[in-house]
Structures are given as C-alpha cells and as structure tokens.
Amino acid sequence: MRMRLKLKTVFVLYFMVSLLGLIYALMQLGQRCDCRDHAKSKDQQISQLRGELQKLQEHIKTSQLSKKTDVPRIYVITPTYARLVQKAELTRLSHTFLHVPQLHWIVVEDAPQPTPLVTDFLAASGLTYTHLYKLTPKDRKLQEGDPSWLKPRGAEQRNEGLHWLREMGAAAKGKEAAALEEAVVYFADDDNTYSLQLFEEMRYTYRVSVWPVGLVGGMKFERPVVEDGKVVRFHTGWRPNRPFPIDMAGFAVSLRLILTNPQARFDGDAQMGFLESSFLQHLVTMDDLEPKADLCTKVLVWHTRTEKPKMKREDALQKQGLGSDPDVEV
Ligand code: UGA
Ligand code: MN
C-alpha cells in the first residue's frame with residue numbers, strides 16, 4: 001500500500017514538473033528579444049558590419065594571393081652566423097616566409113664553408129632558397145667583448161647575395177629575364193620581426209621603397225616623413241643628416257636597379273650608422289623614395305634583438321663532464 005502511494009507521488013511530481021517546463025517553453029516563444037544589439041544605434045551596427053566586411057575582404061585577398069604565381073618575386077637576402085640562438089632565429093624567420101607567395105630566400109652564412117646546421121635546416125624548410133657563404137675577414141669582424149656597433153655586421157654576406165643576383169640576372173633569358181625585371185630585393189636580418197603585410201607593401205617597388213621600422217635607434221620607431229606623397233626628411237634620434245638615416249629593415253630595392261648599377265654594394269668599412277647609406281647612395285636620391293605602409297604611418301617590421309642565452313649552469317656541468325649531449329643540435 002505504502003509502496004503504491006510512493007509510486008503515485010513520484011508520477012504526479014513528474015507530471016507537474018513536465019507541465020511547468022512545457023508552460024515555460026510556450027511563454028518564451030512569445031517573448032520579445034532583449035539582446036544588446038537592439039539597444040545599439042543603427043550607425044554603430046552599420047560600422048561594426050563594415051569592419052567585419054573589410055576583415056573578410058582582406059582575408060579573401062591574402063588567401064587568393066597565396067595561390068598566385070603571377071605577382072612580382074621577392075628576393076630576401078639574410079646574413080647569418082653560428083651562435084646558440086641561430087636555429088631558433090632561422091626557424092622563426094622561415095615560418096614567416098612560408099606565408100609569403102613568390103619569395104626566394106638567399107641565406108648567406110658568415111662561415112668559411114656551409115655548415116650542416118644551416119644546410120639541413122634549409123633542405124627541410126619548404127622554402128625556395130639559395131644557400132651561400134662568405135666569411136667576414138678577421139679584421140672586419142667584431143671580436144668577443146667588442147661593443148656591437150664597432151664594425152658593420154652582415155656587409156660581406158649581403159654583397160655576396162648581390163653578386164649571386166647579378167650573375168643570375170646576367171644569365172637569365174626570355175620569360176625568366178622578364179620576371180627579374182619586376183622583382184624586388186629585401187635585406188632581412190635573421191633576428192628582426194616581420195609582418196606579412198610588409199611583403200605586400202614592398203612587392204611593387206619601382207626603384208626603392210621605404211617604411212617605418214619599430215624599436216630601433218633608441219626610439220619607438222624611426223621613419224621617413226612624408227609630405228604631399230614625397231619623403232622630405234627622416235624621423236630619427238641620431239644624425240638625421242646622414243644621406244639615408246634608415247635601418248636595413250626599412251627599405252627594399254627593385255632588382256632592375258641593382259642589376260643596372262653594378263657598383264652598388266655595402267661598404268664593410270663604413271662608419272657606424274652609414275652602412276645603409278653606403279649602398280643606397282649609388283641607387284637613389286631622397287626624392288626618388290617610394291613611401292609605403294600608408295605613407296609611412298604604419299610599423300610593419302621591428303628591429304628586435306634576441307638576448308644572448310646564459311650558459312652558467314651548462315659551463316659548470318661541463319667542467320664535471322656532465323654537460324648537455326653535444327650530438328643534439330640546438
Ligand atoms: C643593425 C642593422 O639592423 C643591421 O642591418 C646592420 O647590419 C647592423 O646594425 C650594422 O650596423 O652592421 P644589429 O641588430 O645591430 O643591426 O645587427 P645584427 O642583427 O647583430 O647583425 C645583422 C645581420 O648580420 C644579422 O642577420 C646577423 O645574423 C648577421 N651577422 C652578424 C653576421 O652575418 N655575422 C656577424 O658576425 C654578425
Ligand atoms: Mn639585429
């Protein structure tokens with residue numbers, strides 16, 4: 001009898017709960033929506049939709065570009081030298097370049113011969129590349145303990161890259177020669193940070209294109225100052241009267257200009273801050289510069305510098321014969 005009663009109660013309770021649920025659901029159907037969108041003004045909604053549309057259009061543009069093969073080629077020259085962070089820097093850089101259509105990477109090692117680390121790295125990179133090497137002579141190379149600004153870095157390697165381009169340019173015929181006419185050359189150090197947009201800015205360069213560089217020269221950014229679409233001076237904290245007070249990361253040059261001016265090269269003996277000028281002086285005047293990145297108002301490349309890793313514990317362990325396995329590539 002008690003058992004039956006209990007079952008009955010459970011059944012009634014179940015019926016009541018279901019009924020309440022059904023009534024609640026039916027009431028919701030007729031309710032007005034009070035989402036926040038309704039509170040927003042029409043103008044706000046329109047501008048939000050415009051923003052979303054623009055993002056989508058940009059996305060479509062870049063995804064179409066990645067399939068394109070008929071855009072001008074970008075030759076990127078990168079000097080690099082053996083040190084603990086080298087493979088990490090090259091990895092970061094290659095992952096950026098993998099997103100850039102029609103990019104040919106010219107990697108120039110500061111070494112007496114190609115190293116296995118860079119050789120294997122490039123082979124596995126998935127990029128189109130040329131692997132060169134050129135050792136900086138001892139009297140031109142920074143020595144342990146020298147301040148980093150004492151001598152130019154990467155000059156001999158960039159010249160080696162230019163030499164390769166000129167040889168290739170001289171040998172090219174027909175379609176290939178026509179493709180080189182349109183190409184652009186950029187000097188990308190292995191430690192900087194590059195946005196993908198930067199490469200689309202430089203892709204169409206008639207002579208020399210320029211743009212701001214972030215975190216450089218003791219400044220938030222340095223940049224060419226543009227008035228009426230022309231570069232008229234440079235925003236820099238140091239010797240603004242240098243012929244081209246611009247970091248290596250802040251310009252790209254048309255390959256045609258490089259091929260028609262074989263005397264243009266980097267002066268490995270240039271004074272501090274004059275390396276870029278030593279090259280650009282042969283090619284253009286300030287009046288010829290083509291401002292990119294929204295008339296030099298956007299920072300799309302950063303002159304980042306990687307901290308040298310400390311090896312205190314490694315050194316201590318090595319003295320005890322317990323150092324990290326030298327056969328593991330870092
Ligand atoms: C700044 C500029 O951003 C460089 O483009 C310029 O070459 C340099 O100053 C200079 O005045 O010579 P900074 O960060 O001080 O750059 O130079 P690093 O990044 O140390 O070196 C520039 C490039 O040369 C890097 O790609 C680096 O791997 C390579 N490098 C450096 C060598 O090939 N050999 C070396 O002994 C040192
Ligand atoms: Mn650097």
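Biologist: Which residue in β10 is the bridge partner of Val-184?

Modeller: This is a predicted model, where local features need pLDDT of at least 70, side-chain atom pairs count only at pLDDT 80 or more, and totals for chains, interfaces and linings use all residues. Residues are numbered from 1 along each chain as written, chains are lettered from A and ligands numbered from 1 in written order, and side-chain values use heavy atoms, without hydrogens and water. Strands are DSSP runs (E, at least two residues; helices are H or I, at least four), numbered from the N terminus, and two strands pair if DSSP finds at least two bridges between them. Strand β4 (residues 184–187) runs antiparallel to β10 with three bridges, and the partner of Val-184 in β10 is Ser-254.

Biologist: Is Ser-209 buried or exposed?

Modeller: Ser-209 lies in strand β6 (residues 208–210). Buried means under 20% relative accessible area, exposed over 50%, and partly exposed in between (1.4 Å probe, protein chains only). The relative accessible area of Ser-209 is 0%, so Ser-209 is buried.

Biologist: What is the relative accessible area of Arg-153?

Modeller: The UniProt annotation "binding site", from an unreviewed entry, includes Arg-153; such annotations may be inferred rather than shown by experiment, and positions follow the numbering used here, with feature names shortened. Arg-153 sits in the loop between β3 (128–133) and α6 (155–171). Arg-153 is partly exposed because its relative accessible area is 42%.
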